[in-house]
Number of protein chains: 2
Amino acid sequence: MTTSATLYKGEKQIFVKMVLDAWRTQNSRVDKFLAEVSDEQLAWPAVLGRNSGLYVIGHLTGITDGLLPILGWGERKYSEFEETFVKRPYDPEVKIATAAEVRKAWKRVNEIAEKKFSEVEPDEWFDRHTAVSAEDFAKEPHRNRLNVIVSRTNHQSYHLGQLLFLTKNRED
Amino acid sequence: MTTSATLYKGEKQIFVKMVLDAWRTQNSRVDKFLAEVSDEQLAWPAVLGRNSGLYVIGHLTGITDGLLPILGWGERKYSEFEETFVKRPYDPEVKIATAAEVRKAWKRVNEIAEKKFSEVEPDEWFDRHTAVSAEDFAKEPHRNRLNVIVSRTNHQSYHLGQLLFLTKNRED
């Protein structure tokens, strides 16, 4: 039993690493983008007629800030980002946080999330998140915390595809 | 041992489902995009000054067509797509496949991949893919077949973020 249990834990660790590696890769791509883009470029529309680059970064920040409450591991740090960048659609007439404020918040929410992620045991990732009921989770055990990261990583990739053309040295 | 082994297999099944569900979600979003976009719209640049929508769909098709060889489960069906849409960067002067040809190939490569994915046992997903050596895999067991899908799903999300503004009824 011991060998099997160890292997079992080891396999979970591998899953967690696969998902968190993908998440970290996307985060580092956003970091690289932010290091290359000017505040002026961030004000340009990232998608024709919609969403400035700054709004998209604020949106990603608000989503990452919401990870810990969804996972049941903490509270939001910047609840105003949820209001401005998640609940409310982009409106060029509405004044939002400055580039400096959004850059700082992006960095901070990722530090907080990364600190928590590096602390938790693999088993904890396979428990249910707060947006799924115990009854539903019993029937659908794939709706676990790690699955939230799978989904959020794709969400980040999606928006990254819209952002990168704001800088001259874009990557594919 | 039996219970533990079953649980162990069950956990793998859950993880496979998480990754394949994300993959299928992105595929169905591309399908939805293709159902809404006209061939004329597909000829527009998806990213300013770069990559028509048609090129991006051809690129995603070439990447998905390359999945089975990388996973060690089959051959490419459209090797010309690798030449045109993967190895060669977008060039507006170069004649590429028509929208009808690309749409058909996209559908076909996804059918072939989906058929294989639905047949294989969970354990097979955790073996190494053909681009990693046995020595490296022993040290880095997360470089398995399923991890290729995690990566490709994010790749698809990334390009989807560039495509959706070609249609009027875009989604976030």
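Visitor: In which hand, left-handed or right-handed, does H9(A) pass H9(B)?
Guide: This is a predicted model, and the answer applies to that model. The axes of H9(A) and H9(B) come within 6 Å and cross at roughly 40°, which makes H9(A) oblique to H9(B). The crossing in which H9(A) passes H9(B) is right-handed.

Visitor: By class, how many nonpolar, polar and charged residues does the contact of H9(A) with H9(B) have?
Guide: On the side of H9(A) the contact is made by A:Thr153, A:Asn154, A:Ser157, A:Tyr158, A:Leu160, A:Gly161 and A:Gln162. From H9(B) come B:Thr153, B:Asn154, B:Ser157, B:Tyr158, B:Leu160, B:Gly161 and B:Gln162. Sorted by class, and with Gly counted as polar, the contact has 4 nonpolar, 10 polar and no charged residues.

Visitor: Is H3(A) roughly parallel or roughly antiparallel to H6(A)?
Guide: Helix H3 of chain A, residues 53–65, packs with H6(A) at an angle of about 30°, their axes being 9 Å apart. Angles under 35 degrees count as roughly parallel. H3(A) passes H6(A) in a left-handed crossing, and the angle between them makes H3(A), relative to H6(A), roughly parallel.

Visitor: How many charged residues does the contact of H3(A) with H6(A) have?
Guide: H3(A) contributes residues including A:Leu54, A:Ile57, A:Thr61 and A:Asp65, while those from H6(A) include A:Val102, A:Trp106 and A:Val109. By class, the contact has 9 nonpolar and 4 polar residues, and the number of charged ones is 1.

Visitor: Why does B:Thr61 count as buried?
Guide: B:Thr61 is placed in helix H3 of chain B, residues 53–65. Leaving out residues up to four places away in sequence, B:Thr61 touches B:Phe81, B:Val102, B:Ala105, B:Trp106 and B:Val109. Buried means under 20% relative accessible area, and B:Thr61 counts as buried because its relative accessibility is 0%.

Visitor: How many residues does the largest nonpolar core have, and which have the most contacts inside it?
Guide: Among the elements that give two or more residues to this core are helix H1 (2–36) and helix H6 (99–119) of chain A, together with helix H1 (2–36) and helix H6 (99–119) of chain B. B:Trp125 is in contact with residues including B:Val16, B:Leu20, B:Leu71, B:Trp73 and B:Phe117, with neighbours within four places in sequence left aside. The core has 42 residues, and those with the most contacts inside it are A:Phe117, A:Trp125, B:Phe15, B:Phe117 and B:Trp125.

Note on methods: Residues numbered from 1 in each chain as written. Chains lettered and ligands numbered in written order. Predicted model: local features only at pLDDT ≥ 70, side-chain atom pairs only at ≥ 80, totals over all residues. Heavy atoms only, no water. Core = buried A, V, L, I, M, F, W, Y, C linked by side-chain atoms within 4.5 Å. Buried < 20%, exposed > 50% of the residue type's maximum accessible area, 1.4 Å probe, protein only. Helix = DSSP H or I, 4+ residues; strand = E, 2+ residues; numbered from the N terminus. Contact = heavy atoms within 4.5 Å. Axes fitted to C-alpha atoms, helices over the stretch in contact; angles between N-to-C directions. Parallel < 35°, antiparallel > 145°, perpendicular 65-115°, else oblique. Left-handed = near helix turned anticlockwise from the far one by under 90°.
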